[in-house]
Amino acid sequence: MPDLHADLARTRADYEGFKARGLKLDMTRGKPSPEQLSLSDAMLLPQGNRDTTTAAGEDARNYGGALQGLPEVRALFGEALGLPADAIVLGNNSSLALMHDCIVWALLKGVPGGERPWSREASPAFICPVPGYDRHFGLAEEFGFRLLPVPLTGQGPDMDAVEALAADPSVKGMWCVPRYSNPTGETYSDDAVRRLAAMKAGAPDFRLFWDDAYAVHHLTDRRTPLASILDLTREAGHSDRAFCFGSTSKVTLAGAGVALFASSPANVAWFLARAGRRTIGSDKLNQLRHMRFLRDAEGLHAHMGRHRDLIGPKFDAVLAALERRLGGTGLARWSRPEGGYFISVDAVPGTASRVVALAKAAGVALTPAGATWPGGADPEDANLRLAPTFPKLAEVEAAAEGIAICIALAGLEKRGG
Ligand code: PLP
């Protein structure tokens, strides 16, 4: 195959050229850039006395008020995320922390509809759509759950596989990032959401951990809709099946936003009963800051439009480099996300670790190969997660070109045997 040898030699030369540039770039984590964080600077202005009074006329500087979070803020997020305000509980700065609490409480106390705490089950398991979010998998692993991978299809998880696994009573939960999934960017189809809501679960207390982290993070003019899991589970007679989560970590300030839990009346009562032992209340001043700054759902969407102006060109730069270097070669497939924070690339099987090593040697830090799989081990060694939001546009352009070269080189090496 003379072409292969020529391609390999040319790509090796391109790689050496890229390496010689001596770059030092980090594309490992989906973090907002400093420019994105600055969009929320107004929120950090000191709050005067007037600003610390809630809609109910209460002083947000003091204890008291609803454990559930300020009603005006629940109404704002409810409208933006398509959730009833009553179904929402506001937490502090991290939705991941709320997921952690739900898992720990489920293990120690059990959940509505359950016969006993999850810790009394012999070998409880979570269904994990792959590729997925490493911190979800790590959290379930931390508490000893077995992690059961199921493939994503581009429109949500392979539902035949999910239904088969969920029929087992030891399967207690499932991770879902239903909109602009991390990292594939896909949104679950209406059919997938309906089947998740309606399927027969072996465990009476099975829970969908429905992490709508990227609900308002659109990269196009289209606000991709998502079927309402709370409506569909209720209609299917499984009202308590979904624990929903979200946060403003990538709306306002990462790690300093407002997180939320949303669910059925029984689950909200369960959550509040546990939360009330843990805290007197969440940070109402931060909730008010968000209210004053975002104002209403349209204000929130307008703010997200400003994020898109900053990060859209970075996604375009990565997609253009992938297309330029790898289009039509059969050496990679990649997602073209319409929202969220990531581009997912499937390289030639058996080469993802090599791509990460090549990129590292050329000064580009990538998410470790396998991170998107339970246990950090991708059986195909194929998936790569690219996170273009944090570096500057010129850096993203340079890194994307280099990454595409590394993917091509590793793939050609493999083909060449
Ligand atoms: N859920 C998903 C899918 C994420 O990608 C992230 C952050 O990358 C989080 C949750 C973390 O959110 P938070 O800052 O609210 O804990």
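Two strands are taken to pair if DSSP finds at least two bridges between them. Helices (H or I, at least four residues) and strands (E, at least two) are DSSP runs, numbered from the N terminus. The model shown is predicted: local features need pLDDT of at least 70, side-chain atom pairs count only at pLDDT 80 or more, and totals for chains, interfaces and linings use all residues. Residue numbers start from 1 along each chain as its sequence is written.

**View 1. The open sheet of 7 strands**. The strands follow the order E2-E8-E7-E6-E5-E3-E4, with mixed pairing. Strands E2 (88-90) and E4 (146-151) stand at the edges; each has a single partner strand, so one side of each is left without a neighbour in the sheet. On average, neighbouring strands of this sheet are turned by 20° against each other, direction ignored. Axes are lines fitted to C-alpha atoms, for helices over the stretch in contact, and angles run from 0 to 180 degrees between N-to-C directions.

**View 2. Strands E5 and E6 with helix H4**. Strand E5 (residues 171-176) pairs with strand E6 (residues 207-211) in the parallel sense over 4 bridges. Met-174 stands opposite Leu-208 in E6. Helix H4 (residues 95-109) packs on the sheet and touches E6, strand E7 (242-247) and strand E8 (259-262); the direction of H4 makes about 155° with that of E7. Two residues are in contact if their C-beta atoms, placed from the backbone, lie within 7 Å.

**View 3. The contact between domain 1 and domain 2**. Domain 1 spans 2-30 + 301-415 and domain 2 spans 63-295, with bounds from an automatic or database domain assignment. Their centres, taken over C-alpha atoms, are separated by 30 Å. Domain 1 gives 21 residues to the contact and domain 2 gives 25 residues. On the side of domain 1 that touches domain 2, helix H11 (297-326) and strand E12 (383-386) each supply at least two residues. The largest share of that side, 6 residues, comes from H11.
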